[in-house]
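Work through the exercises below with the sequence and the model in view. Each task is followed by a solution in steps.

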Amino acid sequence: RKSKTPEDVVKRYLQKVRNPPEEDCTICMEALSGPSGYKGPGVGGVSRAESVGRLAQCGHQYHLQCLVAMYNNGNKDGSLQCPTCKTIYGVKTGNQPPGKMEYHVIPHSLPGHPDCKTIRIIYNIPPGIQGPEHPNPGKPFTARGFPRHCYLPDSEKGRKVLRLLLVAWDRRLVFSVGTSSTTGESDTVIWNEVHHKTEFGSNLTGHGYPDPGYLDNVLEELKVQGITEEDGQQQ
Ligand code: APR
Ligand code: ZN
């Protein structure tokens with residue numbers, strides 16, 4: 001069977017727009033009523049430059065060629081994210097390098113969670129060579145500070161966050177390869193957009209407890225990655 005082209009993937013999430021509105025495409029900044037302003041490679045065979053589509057769920061409209069170009073720029077996992085409102089079509093995955101995620105319960109309480117024990121998550125990712133989904137394919141990447149230890153209260157909500165973090169790990173969304181904003185080092189393993197608490201008894205870095213909003217914040221960050229409660233149930 002022939003695999004789906006980027007155009008096939010993008011079209012799966014689109015409705016055709018016959019009379020484009022008097023608005024600009026926010027990908028290329030050109031009028032939706034005229035041709036796509038995208039001039040790069042990869043869209044030569046794609047439909048007409050004038051084709052416009054509406055994303056089925058959120059309704060945002062773009063040139064078809066602009067969406068295909070955006071898809072080609074990503075990790076081409078069959079999913080698409082609306083650049084305006086971040087609605088995810090399909091299942092979003094990331095470019096986290098290979099490694100291990102483990103967890104266990106430790107018999108101590110976190111500041112702010114006196115009534116329960118603590119879940120400790122241990123992430124381990126070794127250095128390696130970047131793949132085609134990384135910023136510099138073929139170049140080595142470093143991995144600093146591993147194993148990285150993270151903490152959650154062993155409460156109902158904490159266990160829910162754990163279930164969703166396991167989904168995030170499977171979808172390669174917990175870490176990424178890029179430039180560390182803390183150290184400035186490039187081509188290294190960095191946290192992706194889901195915050196973790198890496199301090200246990202203190203809060204010297206701001207990544208510790210107490211933090212009453214943390215569990216809700218991280219659930220919101222997981223949602224931005226397309227991971228919700230339903231995903232946590234299909235383990
Ligand atoms: N603990 C948890 N999260 C952190 C930490 C930390 N000590 N430092 C930064 N972050 C968060 C940032 O708030 C940001 O959202 O990670 C995200 C990416 O920041 P980078 O500095 O680019 O990530 P990275 O280099 O992976 O992390 C820096 O985190 O766990 C430690 O050992 C790790 O010292 C390293 C630090
Ligand atoms: Zn949208």
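Ala, Val, Leu, Ile, Met, Phe, Trp, Tyr, Cys and Pro count as nonpolar, Asp, Glu, Lys and Arg as charged, and the others, Gly among them, as polar. This is a predicted model, in which local features need pLDDT of at least 70 and side-chain atom pairs count only at pLDDT 80 or more, while totals for chains, interfaces and linings use all residues. Residues are numbered from 1 along each chain as its sequence is written, and chains are lettered from A and ligands numbered from 1 in the order in which they are written.

**Exercise 1.** Describe the residues that surround ligand 1.

*Solution.* Step one: list the shell, where a residue is near a molecule if its C-beta atom, placed from the backbone, lies within 6 Å of it. There are 14 residues around ligand 1, and the closest are Gly145, Ser180, Thr182, Trp191 and His207. Step two: sort the shell by class, which gives two nonpolar, 10 polar and two charged residues.

**Exercise 2.** State how the protein chain is divided into domains.

*Solution.* The bounds come from an automatic or database domain assignment. Domain 1 covers 6–89 and domain 2 covers 100–233. Taken over C-alpha atoms, the centres of domain 1 and domain 2 are 32 Å apart.

**Exercise 3.** Find which residues of α3 are buried and what covers them.

*Solution.* Step one: locate the helix. Helices (H or I, at least four residues) and strands (E, at least two) are DSSP runs, numbered from the N terminus. Helix α3 holds 15 residues, 156–170. Step two: apply the burial test, by which a residue is buried if 20 or more other C-beta atoms lie within 10 Å of its own, exposed if 12 or fewer, and partly exposed in between, with C-beta atoms placed from the backbone. Gly158, Val161, Leu164, Leu165 and Ala168 of α3 are buried. They lie on the same side of α3 because they cover an arc of only 125° around the axis, the arc being that of the directions from the helix axis to the C-beta atoms. Step three: name the cover, which includes β7 (118–124), β10 (148–153), α4 (214–224) and α5 (229–233).

**Exercise 4.** Which residues of α4 are buried, and which exposed residues lie on the face turned away?

*Solution.* Tyr214, Val218 and Leu222 are the buried residues of α4. Their arc around the axis is only 75°, so they sit on the same side of α4. The face turned away from that side carries the exposed residues Asp216 and Glu220. Just after α4, Gly226 has a positive phi of about 85°.

Key
Expected span 1.5 Å × (residues − 1). Contact = placed C-beta atoms within 7 Å.
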